[in-house]
Amino acid sequence: METAHLLAEGSRAARAVHGQGDPDPALGALAEDAYDTLGPAGRDLVPQIFLRLVAVGPEGELATRRAGEDELPPGSGEVLRLFAYVLSRRDGEVGLARPALLRAWPRLRAWLDDEWDGLPVHAEIRLRARQWAATGRRQADLLQGGRLDAAVGWAVTGRRHLALNALEREFLDASAALTRRRARRRRLLTAALAVLLVLSLAGGGLAAFQGSRIAAQRDQISAQRDRANGREAALRAGTLRTTDPTAAMLLSVAAWRLDGGSEARSSLMSSLYQPEIAVYRPPGGGLQALSRDGRTVVTVSDDGISLHDVRGRRLLRRIPVPGLRSDPLLGVSLSPSGRSVAMITTTKATVWDLGAGRVRAELAVPGARAGGEIGFTDDESKVAVLEDTNGFVWDLANGRTYGRAIEGGWPGELPVLPRSGRIAALLDPDGGFGVRRLPGRDRDPRFRGACPGRLGAVAFSRDGALMACGGRQITLVSVATGRRITEAGDDDWSWTESGADEPANAVNAGLRFSADGRYLAGFADRSIRVWRVRDHRQVFTYRAEDDVTDVRLDPDGHTLRFLLEEAVVSLDIRPRADPVRPPGRIFRTWLSPEGRWLAIEPEESGPLELWDVSRRRPAGSLPGTAGWGDAIFDRTGRTMVIGDDTLERLRAWDVAGRRPLWSYRAPRGLLVGGHAFSPDGRLFAATLGQADNGPETRGSRLLEWDARTGHLILDIPLDRQTGDIAFGADGRTIVCTDGRILDAATGRQRGKAFIPSESFAVSPTGDLIAVGGITGRIFLWDTRGPSPVPPTLHGTMEQIDALAFSPGGDVLATVSERGTVQLWDVRAGRRLGGAVPLLSDLGLTSAFGADGTRLYVADQIGDLFEMPVDGDLVARQVCARAGRTLTREEWARYLPGTPYRDVC
């Protein structure tokens, strides 16, 4: 068993090493070429087919599988033909003929990343559905309880590229129908018990006894009903997040109040961190366009133009225009000032003056019968028009056009103009880039080579000083000089790391600066990203349920709105966990186990400082500690041990009194390695290892001291170095990063080894070790073997850097190398809510508060994040986000048969 797990972990490590590059670039290029030859419908089928040809093993390893052709979506034949070079078809089954494609094709890697959490869920649905069909569709083979909740939750809200086939949909529908029928039977049983209660009351003393039993049974059934309805509410909340975000938040609170189980808690955590805050669907239909600030949406229907207040969800003004759309309408745009609307049909482009309610200008565009788009530029007097494949500029001031086909032509997309209107940035059909001067139309040599690579979007800042070009990388260019501000290939500003969501390949793509120029938003089909301009840091990412046609950043600095075909969705792009930073410039920090103290090493030479986390204030400094660090606290925060930069000395401190307790210097040639406090804080242990190029005096050793007096209790040799260490929950064992569990009294290994990892945590209940994998998997081990405990927890595909158990051992927190925090229900083996990205990835550490209600995460430079974990605490914050409680009408709609409660 140990060998199998070590091989699995080695396989994962090998994948990670090769994942940074393409082992066979030509193979990936062939697949991308085949993908490019397909139309939109065929492209939608590709991920559905290829994701059915892979599987995730019990230890998180990626494997290939063969799928029956009857399992694939209808219309797959053309896709299989075009990808015949990498696929194998025989005996009615399809498989990957070249498994290296999993690493060679960036687009497939991105699909796997998006669907990684859901692949095991879909595998269970697929297998159970086939079993259900093979055995005559018996009720006994249907999903129930938590497994059904997980399957439906993934199918409704978790899927990105995979689609259920007909059999799988029928299987889930039948499973859900069975659950509903059983819920109805429970309600009928409740009614029957009520009748028996009435009859029993006529029977005197015996009736009283029977009545008490019936009352207990009634209460039990009511509780079961509430729990079932609570689980249903949690699932329903997941389906409403992008259609009615407020109702979704409140339903998750109702689920927690009614059920309190893992599904409800997960739904509640999702509501706390969900970015969706509002959805507005303008009545009447028609094509739509957003204002520059995203607060107004204009709709053009057959008989008029309407302006709507997105925030107030109301109609502002309607301009009746009978027969407005005599020809098919292709596009609509609202001017920067909001005073004019431009629209294009298959025959003409028209600009309406909204104040006067009349046509401002018209232009015949017969070529638009083959396709057309229109958009106001940042210069109010100029409109960009796309007539078939010819993008040109229409000057409303004089009626002239620049770059039209009859004038020589600019083949490509809609031109993009800055506020000055003196230049036009152009993208050709192949993603090439150029800039033309206006009104002369000649090329501007300043911008030659400014934006390399295949591009999919260009934008100017509101003041016209900057131009952003978007391909796989984003490049900032000075409009005054035409020179790049960011260098080509600057990894600090990457739009996408693979072909997936690459703007040059997208049907719809664009870049939008915020009004103050601090942020840049980009969209490519369903993907939305926001970056901070000053440091290129991505601060927000989101995947919509359908293709995005426009994105706008609100001037409030924290709201983003995007446009779908029939709705405007508002997102809160602020991090849900706002950091607090102690004053001063900070070099490194260390967080105490219960989140009480933060030890700080200042950037400039000086003593270590203490920060009181709960009171948010300084707690003093430790004199004589300049050049010391690597602080470690006991569980109560009473004692702290620090090490010097040479790794040769240790010094213990009384934290409250800020006074030294004892010190230790390692023998010559040995360095301090791992160190840890015992759970009760009475002992402090450290391991010593051979220094590089040092004289050989002694080998590795384990030392243990009385943590308060410094009295050396134990000094024994070890057969090899251990790396970092931690005491077991009973204080009798020491867990090491090399996968061994040592007897704390003898230093001898107990049992077998678990998977070695630099990141691990020991449960305070003593039964589990959680180990973080390099591909984002979390492995649980029973300390008594040690032996693996299924299931493997599948998180984001990022290396796990830190883990922490809650005081009760029921919740596990993990922090990845990119600053992503995830919470896990250890008993249920599932994640609580979604992954929460923090705006930090520098040396993150985490700790639960003493009562387990909050999680604290600190980074190396002093940012301290506080995240609620307790269900009731989270529920209060979700209610505050929603700003109200569920109405009786909403309760009756979503929770029929359950007595109304004010959940907030």
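This is a predicted model: local features need pLDDT of at least 70, side-chain atom pairs count only at pLDDT 80 or more; totals for chains, interfaces and linings use all residues.

Strand 26 spans residues 527-532, and because 6 of its 6 residues are buried, the strand is largely enclosed by the rest of the structure.

Strand 25, residues 519-524, pairs with strand 26 in the antiparallel sense through 6 bridges. To see one of these contacts, pick F523, whose bridge partner in strand 26 is I528. The two strands make a hairpin with 2 residues between them, and in its turn D525 has a positive phi of about 55°.

Now show the neighbour on the other side of the sequence. Strand 27, residues 538-543, runs antiparallel to strand 26 and is joined to it by 5 bridges. Here, W531 stands opposite Q538. This hairpin has 5 residues between its strands, and H536 takes a positive phi near 65°.

Time to switch to charged side chains. Side chains of opposite charge can pair when their charged atoms come close.

Select R107 and E32: they form a salt bridge whose closest N and O atoms are 2.7 Å apart. R107 sits in helix 6 (residues 106-115) and E32 in helix 2 (residues 25-37), so this pair ties together parts that are 75 residues apart in sequence. R107 counts as buried, at 5% relative accessibility, and E32 counts as buried too, at 15%.

Move on to R318 and D303, a salt bridge with its closest N and O atoms 2.7 Å apart. R318 belongs to strand 10 (residues 314-320), while D303 is in the loop between strand 8 (296-301) and strand 9 (304-309), 15 residues apart. R318 is partly exposed at 36% relative accessibility, and D303 is partly exposed at 41%.

Then pick E387 and R404, whose side chains meet in a salt bridge at 3.2 Å, N to O. You will find E387 in strand 16 (residues 382-387) and R404 in the loop between strand 18 (401-402) and strand 19 (423-427), 17 residues apart. E387 is buried, with a relative accessible area of 10%, and R404 is buried with 10%.

For the last stop, select R52, R65, E71 and E168 together: they are linked in a network of salt bridges.

How values were computed: Residues are numbered from 1 along each chain as its sequence is written. Side-chain values use heavy atoms; hydrogens and water are left out. Buried means under 20% relative accessible area, exposed over 50%, partly exposed in between (1.4 Å probe, protein chains only). Helices (H or I, at least four residues) and strands (E, at least two) are DSSP runs, numbered from the N terminus. Two strands pair if DSSP finds at least two bridges between them. A salt bridge is a side-chain nitrogen of Lys or Arg within 4 Å of a carboxyl oxygen of Asp or Glu.
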